[in-house]
Protein chains: 2
Amino acid sequence: MINIVILGGGNVAYHLTTHLLKNASVNLIQVYNRSLDKIQHLKNFTSITNNLSKLKEADIYIIAVSDDAVIEIASKINFKNKLVVHTSGAIGMNDLHTNCNKGVFYLLQSFTKNRIPDFSSIPVCLEAENEKDLKLLFQLASEISSTIYEINSEQRKHLHLAAVFVNNFVNVMYKIGHDICNTANVPFEILKPLILETASKIGEISPYEAQTGPARRNDTNTIEKHKTMLPINQREIYTLLTKSIHKTYAEKL
Amino acid sequence: MINIVILGGGNVAYHLTTHLLKNASVNLIQVYNRSLDKIQHLKNFTSITNNLSKLKEADIYIIAVSDDAVIEIASKINFKNKLVVHTSGAIGMNDLHTNCNKGVFYLLQSFTKNRIPDFSSIPVCLEAENEKDLKLLFQLASEISSTIYEINSEQRKHLHLAAVFVNNFVNVMYKIGHDICNTANVPFEILKPLILETASKIGEISPYEAQTGPARRNDTNTIEKHKTMLPINQREIYTLLTKSIHKTYAEKL
């Protein structure tokens, strides 16, 4: 059985902890967080601590804290021949400085406090310094998910950037859609089936093929009308994205 | 039983025709398209024509053609006391000039040729000149969908604009994510669960609450690194959307 220590109290740590506690093939022996408040609810299920010098000996230490804190915490874990991994998309494996072995256990999903994630469909991106550690991480990942990838630090940096577009920036589009609905006094609910269909479609056809709308058709009449309906910030976004669509399809003519 | 004529051969007309032909409570008596080729496959199931002067008498004429052609086609339908509706988000009801009664039957969904839509979840936005016609449209809509709204032309214009953001512009984000994956030689597939989760989340929490990422956290370190990784067009989009997120959350501080 793999012995695990999780370090962190945010959304990733919270959901990973909850999930691993339910798994009989994994032994979550300890959870660390700098404030005990956030992990107090775990004390009947595992050992908790806010003191890095009291970490127990484990096979894998999973650092699931904010990007700013990862490197500092990693440097304070001192167990020879044990494996320290972080869960960050943006930090390279070799940015960690520790006496332990190093690796990455990146869960490519957006975690929200009150939504229980379906771990089985979350892609787990693994990286390690050697085959033995990679195998160990693979063993852990396969207890969690059915989609596992070996991804190096350079690839992961790009994946993380792509995730900013398909998640954070997509959400900006939803926010603007929401604002427009509010202004016109129509319920945002009406747009939800379209939002889901737009996301689902990408499972079958490429974004290049899926593009529709006034910009794709170069329907300048509608585009000009739309611009007059928007406040300046949103108009700027509308104009830039319309230009981007034009450029994509003009290049292929 | 309601007698219907559909005018058009594009994606909306195609799927609506296929769907109504299966419905025993609706009588699709004719389909018009300016080219018969596109509707030839229907000739064993209903009457087809490419001649507007040969339109049969029906209760509702549904014009599902490109925005440019709607007004011209409507002006050529001449049946007193019959109802002509269009399916466009961008065109006002009173933009139609016809001797018939006027209305709108707007299906707020993105239709793709080879994907069979789940009509029951598609919001149908109705508008008519009088109660009797609205009731008739409602009767038709309820044969198709369980989500029906009365939406006036002004509201619909805004809905259509919001749809450009949550559908067309969201797809641009997917396209850029796809490009980044290609550059880094990682499969775009890895992002699909995140894409679906981002869309599903909006069913439960508002886009304002759902926003995460480096821009929301004001993680300038990551933002600057990301910018260096992008070609100029994508960097411009990254910068503008990051600025927009800053602005949204700074206003609320």
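Two strands are taken to pair if DSSP finds at least two bridges between them. In the predicted model described here, strand β1 (residues 2-7) of chain A and strand β2 (residues 26-32) of chain A run parallel and are joined by six bridges. Within this pairing, I4(A) of chain A has L28(A), in β2(A), as its bridge partner.

These two strands belong to an open sheet of eight strands in chain A, in which the order is β3-β2-β1-β4-β5-β6-β7-β8 and the pairing is mixed. The edges of the sheet are formed by β3 (47-49) and β8 (148-150) of chain A, each of which has a single partner strand, so that one side of each is left without a neighbour in the sheet. From one strand to the next, the twist averages 25°.

Helices of chain A lie across this sheet. Helix α1 (residues 11-21) of chain A lies across β1, β2, β4 (60-63) and β6 (101-107) of chain A, and its direction makes an angle of about 155° with β1(A). Helix α3 (residues 131-144) of chain A lies across β1, β2, β4, β5 (83-86), β6, β7 (124-128) and β8 of chain A, running at about 165° to β7(A).

The relation between the two chains was examined next. Two copies of a chain are, in general, related by a rotation about an axis and a shift along it. The same surface serves both copies, since 100% of the contact residues of chain B recur in chain A.

The contact between the chains draws 84 residues from chain B and 85 residues from chain A. Together the two chains bury about 8100 Å² between them, with 70% of this area on carbon and sulfur atoms. Of the area that chain B buries against chain A, 9% is supplied by R115(B), F165(B) and I190(B), which is more than any other three residues supply.

Helix α4 (residues 153-184) of chain A packs with helix α4 (residues 153-184) of chain B at an angle of about 175°, their axes being 9 Å apart. Because angles over 145 degrees count as roughly antiparallel, α4(A) and α4(B) are therefore roughly antiparallel to each other. The residues of the contact of α4(A) with α4(B) comprise 26 nonpolar and six polar residues, with no charged residues among them.

How values were computed
Residues are numbered from 1 along each chain as its sequence is written. Chains are lettered from A and ligands numbered from 1 in the order in which they are written. This is a predicted model: local features need pLDDT of at least 70, side-chain atom pairs count only at pLDDT 80 or more; totals for chains, interfaces and linings use all residues. Side-chain values use heavy atoms; hydrogens and water are left out. Helices (H or I, at least four residues) and strands (E, at least two) are DSSP runs, numbered from the N terminus. Axes are lines fitted to C-alpha atoms, for helices over the stretch in contact, and angles run from 0 to 180 degrees between N-to-C directions. Contact means heavy atoms within 4.5 Å. Angles under 35 degrees count as roughly parallel, over 145 as roughly antiparallel, 65 to 115 as roughly perpendicular and the rest as oblique. Ala, Val, Leu, Ile, Met, Phe, Trp, Tyr, Cys and Pro count as nonpolar, Asp, Glu, Lys and Arg as charged, and the others, Gly among them, as polar. Buried area is the accessible area (1.4 Å probe) that two parts lose on being put together, summed over both.
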